[in-house]
Amino acid sequence: MTATTSAPSARKRGERSPLASVALHATLIAASVIAVFPVLWVLLTSLKPAKDAISTDFVKDPTLENYRYLVESTSFFTWFGNSVLVAGVTTVLGVFIAATTGYAVSRFKFPGMRPLMWTLLVTQMFPMAILIVPLYNLMGQLGLLNQPLGLIITYLTIAVPFCAWMMKGFFDTIPVEIDESGRVDGLNPFGTFWRLILPLARPGLAVTAFYSFITAWGEVAYASAFMVGDDNLTLAGGLQTFVTQYTANWGPMTAASVLIAIPAAIFFVFAQRHLVAGMTAGATKG
Amino acid sequence: MAVHTSRTAAQAAGDGTDVARGRGRGGLKRALATHWYAWAMVAPVVLVLGVIIGWPLVRGVYLSLTDANERNVARTIGANTIEASYSFVGLDNYTAVLSDPVFWQRLVWTVLWTVVCVSVTFTLGLALANMLNRNFRGRAFYRMALILPWAVPGFVSVFAWRFLFNRDNGILNKVLEGGGIGAIPWLDDPTWAKLSVITVNVWLGVPFMMVALLGGLQSIPGELYEAAEMDGASAWQRFRHITLPGLRAVSMTVILLSTIWTFNMFPVIFLLTRGGPGDSTEILVTQAFREAFVSSPRDFAGSATWGVLILALLMIFALVYRRSLRKQGEVW
């Protein structure tokens with residue numbers, strides 16, 4: 001980079017010497033390989049015959065054997081269904097409950113607003129360790145252990161504060177003039193929210209929904225503690241059954257990993273730009 | 001940005017006046033008339049917070065003051081319902097935990113784990129964000145590749161790493177063997193296991209840092225760099241005096257978030273090492289989980305005590321962090 005300043009006439013700003021270019025690309029290639037390799041390796045292993053799971057060849061007798069095993073001999077699709085159910089309902093409820101709150105704290109100044117914002121922020125940093133025991137006992141008494149409903153209620157403790165916070169960030173980006181025009185046209189605040197703001201916030205809602213879905217989809221602690229028995233597990237619990245202290249069924253494990261990761265990754269690529277904006281904006285403007 | 005729900009100018013001065021007015025005669029009624037729809041809008045969330053977070057929280061604190069374990073809590077066995085028979089023991093659990101060296105060992109390792117993870121993740125994220133913030137061919141490709149670890153659900157990645165780290169059959173050791181180096185006990189030796197869990201957590205955390213900081217970099221006006229360059233500022237000076245100050249706000253946020261996430265990072269430790277070998281990688285949250293769900297008999301009161309202590313530590317951290325920001329003039 002110093003070359004740029006020493007010879008300003010030869011090179012414009014932002015241009016690099018060939019050496020700097022090579023270094024840049026080399027670093028980025030190395031970083032990309034580290035980022036991609038574990039994921040790629042799992043994908044490649046899932047396509048090898050199960051007995052060759054530990055082979056170091058990149059490709060060896062490509063086959064769908066592991067996937068067939070997964071479908072025919074494990075409860076993978078039951079787990080998958082459980083996860084979709086739990087994460088889906090959590091997301092819908094979370095977004096639904098939190099939408100109005102995000103709007104209210106974004107637009108209005110009212111007594112109790114600051115404590116509420118603080119509570120929303122603080123509950124997001126609650127370690128699961130503080131709630132897990134009381135919730136476990138509560139679910140036990142209500143007969144909700146091993147029930148999707150128990151896990152859904154539990155996940156709402158994560159989803160609701162998070163959704164409200166994210167949506168506040170998105171509502172903040174919608175100009176207040178739109179609210180005002182609604183009021184001029186005689187809409188009450190609920191009407192303004194429902195007819196004008198919510199349709200505009202649709203991308204934000206989608207991202208919030210997606211992110212709470214992924215959070216519930218990937219949650220491990222509650223799922224491991226509350227759900228036992230092959231038919232009740234969610235994916236996070238199910239994947240643990242392949243690799244225990246005593247057995248290592250790498251073949252099916254990698255195949256299951258691929259099937260879990262692909263849908264999440266595809267959606268993620270589309271959502272991530274908005275995601276960071278929403279999270280950091282919500283936190284800095286608070 | 002906020003529109004005041006109040007209609008009078010006096011109330012626009014802030015919440016303080018509202019509260020003062022609320023105490024006066026008829027003030028409550030007026031406050032209700034002015035703010036009822038704001039309150040109605042937040043009601044569902046307040047209700048949820050109270051019922052499924054507030055109540056369990058209070059209950060958790062209460063449990064930490066009892067001797068509850070799996071043998072004496074209320075439970076149903078078949079058709080029989082057994083009443084709870086645990087009793088109040090005051091602060092005994094806290095004295096027990098705090099006077100036990102185990103707690104302090106876990107705390108030291110948890111703090112070390114958090115500090116190392118966050119600082120390494122931040123440094124790498126910042127370096128990569130700076131590289132990606134330039135114009136060159138293949139930028140979009142690199143960005144996509146570097147973001148991949150974030151796109152895969154965490155527990156899947158952890159299993160992928162367990163597969164790579166496997167002592168006898170993992171690819172890492174096989175490659176080392178090919179290079180004539182003996183197998184490394186990635187997850188079976190206390191020191192290596194610590195390094196391994198940190199590596200995996202950094203690998204998981206860098207994409208978020210990078211994307212967040214890249215967003216921050218792109219919001220710094222290019223004219224600042226041009227002006228600095230005309231004044232003869234070196235690359236390092238530009239980085240030091242334009243880039244870093246420009247990234248302050250976003251850095252503060254991501255460091256806070258990342259610290260809290262790492263401190264509470266259950267899945268990486270639990271799925272990679274289960275806190276082992278022995279208990280060498282056990283952090284505070286996995287220890288709390290172990291007390292209630294792994295050890296036998298399940299010690300609910302002990303776990304709740306750990307939970308309360310973890311929460312207290314995080315609260316202190318957040319307050320100190322916030323105060324230090326205030327001092328430096330940040331309005332967060």
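Student: How many helices and strands does chain B have?

Tutor: In this predicted model, chain B has 14 helices and three strands.

Student: What makes B:Phe163 count as buried?

Tutor: A residue is called buried if 20 or more other C-beta atoms lie within 10 Å of its own. B:Phe163 has 24 C-beta neighbours inside 10 Å, and therefore it counts as buried. This residue lies in helix H6 of chain B, which covers residues 154–165.

Student: Which residues is B:Phe163 in contact with, leaving aside its neighbours within four places in sequence?

Tutor: They are A:Val42, A:Trp250 and B:Gly170. A contact requires C-beta atoms within 7 Å. For B:Phe163 and B:Leu272, the value given is a separation of C-alpha atoms, 9.8 Å, although the two are 109 residues apart along the chain.

Student: How do you know that the span of helix H11 of chain B is close to the expected one?

Tutor: The expected span is 1.5 Å times one less than the number of residues. Helix H11 of chain B, residues 248–263, has 16 residues, and 22 Å is expected. From its first C-alpha to its last, the helix reaches 22 Å, so the two values are close.

Student: Which residues of H11(B) are buried?

Tutor: Among them are B:Val250, B:Met252, B:Thr253, B:Val254 and B:Leu256. Further along H11(B), B:Ser258, B:Thr259, B:Ile260, B:Thr262 and B:Phe263 are buried as well. For chain B as a whole, 39% of the 332 residues count as buried.

Student: Where does the UniProt annotation "transmembrane region" lie in chain B?

Tutor: According to the unreviewed UniProt entry, it covers residues 36–58, 107–129, 141–164, 195–217, 247–272 and 300–321. In the model, residues 107–129 of chain B are 100% helix and 0% strand, with end C-alpha atoms 32 Å apart. Residues 141–164 of chain B are 92% helix and 0% strand, and their end C-alpha atoms lie 25 Å apart.

Student: What does the annotation "domain: ABC transmembrane type-1" cover?

Tutor: The unreviewed UniProt entry places it on residues 107–321 of chain B. That span is 76% helix and 0% strand in the model, and its end C-alpha atoms lie 19 Å apart.

Student: Which domains does the domain assignment give for chain A?

Tutor: It gives domain 1 (2–68) and domain 2 (73–285). Their centres, taken over C-alpha atoms, are separated by 32 Å. The contact takes nine residues from domain 1 of chain A and seven residues from domain 2 of chain A. On the side of domain 1 of chain A that touches domain 2, H2(A) gives the most, with four residues. The residues of that side divide into six nonpolar, three polar and no charged.

Student: What is the predictor's confidence in chain A?

Tutor: The mean pLDDT of chain A is 82, and 90% of its residues reach 70 or more. Over residues 1–10 of chain A, however, the pLDDT is below 50. Beyond near neighbours in sequence, this stretch has seven contacts in the model.

Technical notes. Residues numbered from 1 in each chain as written. Chains lettered and ligands numbered in written order. Predicted model: local features only at pLDDT ≥ 70, side-chain atom pairs only at ≥ 80, totals over all residues. UniProt positions renumbered as here; feature names shortened; annotations may be inferred. Helix = DSSP H or I, 4+ residues; strand = E, 2+ residues; numbered from the N terminus. Buried ≥ 20, exposed ≤ 12 C-beta atoms within 10 Å, placed from the backbone. Domains from an automatic or database assignment. Contact = placed C-beta atoms within 7 Å. Nonpolar A, V, L, I, M, F, W, Y, C, P; charged D, E, K, R; others polar. pLDDT = per-residue confidence, 0-100.
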